[in-house]
Amino acid sequence: MSWFTRLLGRSDTPPPAATVMRPAPPRPAPASPPAAPTESLPMFRASAAEQLNATRGGLLDKVRLRLRDAFTPSQPVMDPAMFAGRATILATLIRALEDQRLHVVLFGDRGIGKTSMLHILARQARDARYLVHYASCGEEADFSEMFRGVAEALPLRYHAGHSPIDGEAKDASMASLLPAGPITPRVVSDLFARLTGTRLLVILDEFDRSPQGGFRRQVAELVKTLSDRSIRVQLVIAGVASDLTELVELIPSIRRNILGLPMPSMEADEVTALIRNGERVSGVTFEDPAVQTVVTLAAGSPYIAGLLAQHAGIIAVDRGSTAVAPQDVAEAIGRAAEEIGARISERSRYALDRATADGHRAGLADLAHASLRNSGRFDGTAITDAAGTPESRATLISRATDDYGLIEPVPGDPAGRLRFREEGVPIYLWMSVAREGLA
Ligand SMILES: Nc1ncnc2c1ncn2[C@@H]1O[C@H](COP(=O)(O)OP(=O)(O)O)[C@@H](O)[C@H]1O
Ligand SMILES: [Mg+2]
C-alpha cells in the first residue's frame, strides 16, 4: 500500500481504492458541440460579457460560469454567505476586541484564511457601529501615509473638539487636523485620543509584506501609546508568526496589550461546509466520497479545498455531468499541482529533485502535511514514513535544512520547531505526492 493510500485510508471514509481510484466513467459527448471555426484550437468557453452564448447555452455552460464564483481560490471570501465555518475563532476575536479591548495579531500561513476572516470581522464590527479601516501592507508601506489614509476616512464629527460650522463640507475628515509632513505614532495617537461617539478598528493585513524596521517599529510604538492611554482605537494585525515575535520584541511591554491568535487550519466539517456553499452557488453536486477526498487532500487549507473543488467541478462539467465524482477530484489534483508548481522558485524545484533522488520525498511530504496542519510549524516527529526511525528522521531533517535548504528553524520558537523556507513548497509537495499516490 502506498504512502498516500495509507494516509487516505486513515480517514473514516470508505476505502479510497474503491472510491478514488476507480476508472473514469465514460465521457458522454458534450450536450451541444460548439460550432468551432478552428476545430483544433482551444477556445474560450464563455463570453467575457458574461452572457451565455445562446447557441452553446444550456445548463452546463451556466454551471461552468457559476463555478468561478462558487470557489475563489485566488481571492479572499467577502460574501458572508460563502464564508464557511470559523465561528470559534471569530468569536474569540470579537471577545478580545470587545470585552478585553486588546489589540490582536492574527497569524498563519498564506492561504489559511486570514484575509477572508478579517473581511467578515470588519463587517460584523460595522454592523455594531464601529468605524473600520482595512489596509493591506505592501513593501512600500509607509507609516505616515497609511495613517493619514486612516484619518481621511474618519469623519470630523467623531472628533471630541469638533463643533460644526455653517457650510462645512459633509465629508470633512480628521486628516485636516494633521500637520503637514511626516507624522509620528505620537501624533496619530493624539488624534485618535479625541475620537468620540464610536470606536475604530484599524486592520493591517499582509503585515509580513511590510518593510522591516521603521514601519513595524512605528506600528509597535502606536500600539504602545494607544494602550497606555486607553484610546477608542484598536489594531488588528495579520501576518505570519515571526512578525508577531518581531513586533513584540521591538517593544516587549506591549505583550500584555496584544492577543496573538493563530489562525487554525479548518476542521473537516468546515471544509465540507465550504464545498456545500459552492454547490449551492454553482449547481454542481459533489458525491459524498468526492467531498471526503477534497477534505482529506485539503489538509485543513481552504485554499487547497477551493482550488480542488473548482477544478473538479470544471472537470465534471467538461465530461457533461453536474455530479462531481472522486475521479474528478483525482484529476483535479494534477491540475492543481501544476498550477502551484509553476509558482515555485527554480531553486526549490531543484532542491526537491535532489531530495527525491535521495529517497526523501515521502518524508518531506510528511513534513509538508504537518506544516499545513499546524500553521506552518512542525518537528521531526511528523515523519511517519515507513523508514521513519529516529536516526532516519534526524538525517532527513539535517539534510533538508543544510543540504537542500528547503526548511529552516523558526526564529525564536521556544519549542525549536521548523518551517519551510518557501511558502508555496509544502502545498506543492503535498499536492504532487498526492497526484503520484493516485496515479
Ligand atoms: N471561511 C472560509 N470559507 C470559504 N472559503 C475560504 C474561507 N477562508 C478562506 N477561504 C478561501 O481560501 C483562500 C485563502 O483565503 P485568504 O483569506 O486569502 O487566506 P490568507 O489571507 O490567509 O492568505 C481563498 O481562496 C478563500 O476564498
Ligand atoms: Mg491574505
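Is aspartate 403 buried, partly exposed or exposed? At 39% relative accessibility, aspartate 403 is partly exposed, where buried means under 20% relative accessible area, exposed over 50% and partly exposed in between (1.4 Å probe, protein chains only).

A quick word on the ground rules. This is a predicted model, so local features need pLDDT of at least 70 and side-chain atom pairs count only at pLDDT 80 or more, while totals for chains, interfaces and linings use all residues. Residues are numbered from 1 along each chain as written, chains are lettered from A and ligands numbered from 1 in the order written, and side-chain values use heavy atoms, with hydrogens and water left out. Helices (H or I, at least four residues) and strands (E, at least two) are DSSP runs numbered from the N terminus.

**Salt bridges**

Side chains of opposite charge can pair when their charged atoms come close. With a salt bridge taken as a side-chain nitrogen of Lys or Arg within 4 Å of a carboxyl oxygen of Asp or Glu, the count comes to 18. Here are three of them:

| Pair | Closest N to O |
|---|---|
| Arg110 and Asp208 | 2.6 Å |
| Glu423 and Arg110 | 2.4 Å |

Arginine 110 lies in the loop between strand 1 (103-107) and helix 5, and aspartate 208 in the loop between strand 3 and helix 8, so their bridge ties together parts 98 residues apart in sequence. Glutamate 423, in the loop between strand 9 (418-420) and helix 17 (424-438), is 313 residues from arginine 110. Arginine 110 is partly exposed at 33%, and so is glutamate 423 at 49%. Arg110, Glu206, Asp208, Arg209 and Glu423 are linked in a network of salt bridges.

**The magnesium ion**

Glu206 turns up again here: the protein donors of the magnesium ion (ligand 2) are Thr115 (OG1) and Glu206 (OE), 2.0 to 2.8 Å from it. Donors are N, O and S atoms within 2.8 Å of the metal (3.2 Å for Na, K and Ca); water is not among the atoms, so sites may look incomplete. Threonine 115 is in helix 5 (residues 114-127) and glutamate 206 in the loop between strand 3 (200-205) and helix 8 (214-228), 91 residues apart. Threonine 115 is buried at 15%, as is glutamate 206 at 18%.
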